[in-house]
Amino acid sequence: MVLGALFNFSASSSTTPVEKDKRASISSTASSSDSESTASGSSGARDSSTMGSKERANGTGAEEGDSLLTPATSNYNDMQEMLGGAGPSAKAASDSTPTTPTIPTPTPSYTSIYTTPPPITYPYTPAIALSDLPGIAYALELFLSSKMFESEAYCRESDVRMERLYFATGYGLIQCVKGLMSYEDDDLLAGIAHTKQGNLIANAHRKKAAFFGSRLAGYVVSAVHSGGNNTAFIKSMTDVERHAELVYAESLFEKALLGIMYSGDWLAFIKEALNMRTTISIYRQLGTYIDAMDASYASSSSSSATDPSIDAHFRSGVYLGVGMSNIILSLMPGKLMTLVELFGYHGDRRLGLEMLMRAGGWVEGEDEPRVGAAEEGVRRSICDMALLIFHLVLSSFTFDGVDVKVASKILKWNLKRYPNGVFFLFGAGRLGLMHSQPRKAIEYYTKAMEVQKQYRNLHHISFWEIAIANLALWDLEASLGCWRELEREATWSKSIYSYGMAVCLLESGRDDKAKKEEAAKLMEKVPSLRQKIAGKSIPMEKLVARKARKFHSQHQRLALPALEMAYLFQGITHAPRTVIVQKMLPEVDRCLTELGVYDEVVAREQEKENVEKAGGDGKDVTEKEQKEREKRYFGGEGYWDDYCLAMFLRGVCMRYVAYPDPDAELDPTEELSGIIPQADAARASELAFRAVFEHGPKIDLDHHLVYHAHYELGRLLSNLPPTSFPSPKSPKSPTNSHHTLSHTHSHASSHSGGGAHAENHTASETAALEQFELILSGKYLEVGPSGRKGKYSMENALVMRTHAAVAVLGKGGRL
């Protein structure tokens, strides 16, 4: 999903007087927009500055001198002044020191060379297709600066017939983005129509193969298109034909993606999947061509390892395509990956990330890119955005290759270039969450809504993320407000939005009759709001629908629904430790008190010696006493489901108290006196998870808790120091975890071979691997008969995360 590549060709001067007026009109429109943006930006900056000062005084805002917040709230948009032009500041300096020689200030690497509309050549012929590249680069500059309407208008006026290679496909990309954001049928159909038009235009510009059958075979059978014949064929193309080949692949991917989203059935999915396979094949051919040309040039020249005859903008497109193809393939589940590999495809994640980094000249250990805005290919910004998506978004279910520090430096540079760029403000907000600083995240997402009011659907991304950030702060009223906005306007998942509203109402208004009634009405309609993509239900929608049905079957009651939702959306993962201890754990304790087991759980955690049972206090509870306890809890309805949920969430909370997320930047001003000691929190977390295993067979509905508990226990164990585990030569453990760890080992052996891959891991990694292998074994774990029917909730997502966790073990990372 990319725009066209930028090429440093000077445009012909065959512009008619009418066309000159058109260019002047566009320039005037853009300039007017700049003025309005600057005025509103000044107000926004003043408001943000005031807010930031108050928050710093209260100790809740970002630290002074924060490397991202400063440029994100900047109002500095005068490119001419950055380029050394005679702006007001420069003039004042000149008047005050007229005779003092000045040293020219180096142009910042992020300064764009496209600040005014470049001329467009008319009439259009395919031979001059590349002369449009400065124009499409300018359109992209407008789009990434949050001037979406101006970008659309410029593309339409530059190519009224939508016949020009880069304007037709570039405009198609904009419509694709709009369709995916809104998920409305009209927008999806408009996106499909424009991407199809762009695809047809690109196809008309391509080089025609001598024999169509051999070319088609090259897309289907990897052994054909991986050979040298296709490299020679690409080499025989003109520059325009090579660009057209690249643009054809891009527009085909966009059309396929929109087709899958719109149709919602398997037949369309298979059809569009074949188109995606064609796209990947073309990218592989173009990547092989560049490698061959670079190798040939390097063998005859010692000055450069890259062939200068290949323009940087074509390179950036190939890097983007090859990079994203490898990353997407590397994320596929094991069974699907096996099928894909039959066609000769394999995802190399390291290569994919390297390609995306290469487009911007990003090098490990260097804060500034080696490729500046003046030398870049136009797809460079999209490559940067792809890297941010991988490191900050896809990292929620994968670990290998994730580097939040890389994302931070890419964001810092791009926020200087696009201080009001909504997409990079989204990235800054996501980085705030990754750092477990939800307040900072909310500031960025709020800023993203302030600087861009043209595409209302982009606000929905902010509302979604702010809702989750407020769950991480356990501000249920604020989160409720965001879910309300989404439920009223957004169309992506009405069932999740409605469920989010309902659970916030339930937990924030336990004694409020009106809130309970509103929550009940929302829960009633959640199951009917589900939708399908590619013929398949959305797993999260299936889960919330089940929860909504359970709510009504239990006489309008759910245990800890908002905290469970916070877990599912990683709100607990990114919560500050003080919030976990002071707000989230008390919610769990209240539930355990209602279950009648809180005192036992605390006593169990405080014991210095292990006992046989993980869920009790070492004292036997008679069957009669247990029956009475269950009866007191809403007549015993859902007792063990709620018990296991409460213990699972206690285990998760305690884990993040003991071992915060690896990317968390802990607040130095955080009050640590109320934080539970690390060893105590780790022990409490392990005991809570093992209580879920002990009582898992008694669960009636929420069987997924057992499998998620094994996953979270594995992550906890991977963080423990090696001294926490028994030596193979010693019959006794030096810690309190000996009994349970021995149990884990024997249990894993019976299910999956007892850790066959453990010989290269530390003791903590081996213990973690045993838990992960239990999940990947595909066998039923500690569940009763009702849990042995079909899949459990969120199974595919959990298996994917577990595979990702296994892949990163032994590589120095923490889970």
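Residues are numbered from 1 along each chain as its sequence is written, and side-chain values use heavy atoms, with hydrogens and water left out. Because the model is predicted, local features need pLDDT of at least 70 and side-chain atom pairs count only at pLDDT 80 or more, while totals for chains, interfaces and linings use all residues.

A cavity here is a set of points, on a 1 Å grid over the protein atoms alone, where a 1.4 Å probe fits but cannot get out. By this rule there are 8 cavities of 30 Å³ or more. The largest cavity holds about 100 Å³ of space, a volume being the space filled by probe spheres set on the points, with grid points joined across faces, edges and corners. Its lining (residues with an atom within 4 Å of a point) is made up of 14 residues, and A137, E141, E376, V378 and R417 lie nearest the centre. Helix α5 (residues 133–144) supplies the largest share of this lining, 4 residues; helices (H or I, at least four residues) are DSSP runs, numbered from the N terminus. By class, the lining of the largest cavity has 9 nonpolar, 2 polar and 3 charged residues. In this grouping Ala, Val, Leu, Ile, Met, Phe, Trp, Tyr, Cys and Pro are nonpolar, Asp, Glu, Lys and Arg are charged, and the others, Gly among them, are polar.

A pocket, in contrast to a cavity, is an open set with protein on both sides within 12 Å along at least five of seven lines. The second largest pocket has a volume of about 880 Å³. It is lined by 38 residues, of which F399, D400, G401, V402 and D403 are the closest to its centre. Among the elements that give two or more residues to this lining are α17 (380–392) and α18 (404–417), while α16 gives the most, with 4 residues. The lining of this pocket divides into 15 nonpolar, 10 polar and 13 charged residues.

Most residues other than glycine have a negative phi, and most peptide bonds are trans. The peptide bond from Y122 to P123, however, is cis, with omega near -10°, and P123 lies in the loop between α4 (88–96) and α5. H555, not a glycine, has a positive phi of about 60° and sits in the loop between α25 (539–553) and α26 (561–568). M794 also has a positive phi, near 60°, in the loop between α34 (763–776) and α35 (795–808). Are these residues buried (under 20% relative accessible area) or exposed (over 50%)? H555 is exposed, with a relative accessible area of 66%, whereas M794 is buried, at 15%.

How values were computed. Buried < 20%, exposed > 50% of the residue type's maximum accessible area, 1.4 Å probe, protein only.
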